[in-house]
Amino acid sequence: MGGKCPHRSVKKRRYSHKTARRTKFLVKGDDMVYNELAKPEVERPSLPVDEDLPGMGQYYCLHCDRYFANVSVRDEHFKTKRHRKRVKQMLGPAPHTQLDAELAAGMGMPDNGPKLMAM
Ligand SMILES: [Zn+2]
């Protein structure tokens, strides 16, 4: 019951379970974030104070759809590779264009199960 499987010595998951779940359920779709970023600053809703969120929901990374406990944590996050990658991705052409094109052409992605690596 529980514990490690004695037969498996190789770790399959690269991320913690929490991260895997977050990417699966909590993060907005790339296209949603992209649309959000495409709006002029004034049209973005100001951050509502939410006691359930870290830092009362006041420290938010729009690109990654993540909340942070305080401004220094957020600034640290802005320096991370993951965030920069995300920003780059959002500055490029609209997300999923290639995938959309392939889907439109009837070439769906092969179902390889959930992704283990972030893009
Ligand atoms: Zn970010």
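Read along the sequence, the protein follows the pattern α-α-β-β-α-α-α, that is, five helices and two strands. Helices (H or I, at least four residues) and strands (E, at least two) are DSSP runs, numbered from the N terminus. The model is a predicted one, in which local features need pLDDT of at least 70 and side-chain atom pairs count only at pLDDT 80 or more, while totals for chains, interfaces and linings use all residues. Residues are numbered from 1 along each chain as its sequence is written.

The average pLDDT (the predictor's confidence in each residue, from 0 to 100) is 77 for the protein, and 56% of the residues score at least 70. Where pLDDT is low, the predicted coordinates should not be read in detail.

Of the 119 residues, 5% are buried, meaning that 20 or more other C-beta atoms, placed from the backbone, lie within 10 Å of the residue's own; exposed residues have 12 or fewer, and partly exposed ones fall in between.

The unreviewed UniProt entry annotates residues 61-83 as "domain: C2H2-type"; such annotations may be inferred rather than shown by experiment. This stretch is 52% helix and 17% strand, with its end C-alpha atoms 9 Å apart.

Two loop residues deserve a look. Methionine 56, between helix 2 (30-38) and strand 1 (59-61), has a positive phi of about 55° although it is not a glycine. Aspartate 65, in the loop between strand 1 and strand 2 (66-68), likewise has a positive phi of about 55° without being a glycine.
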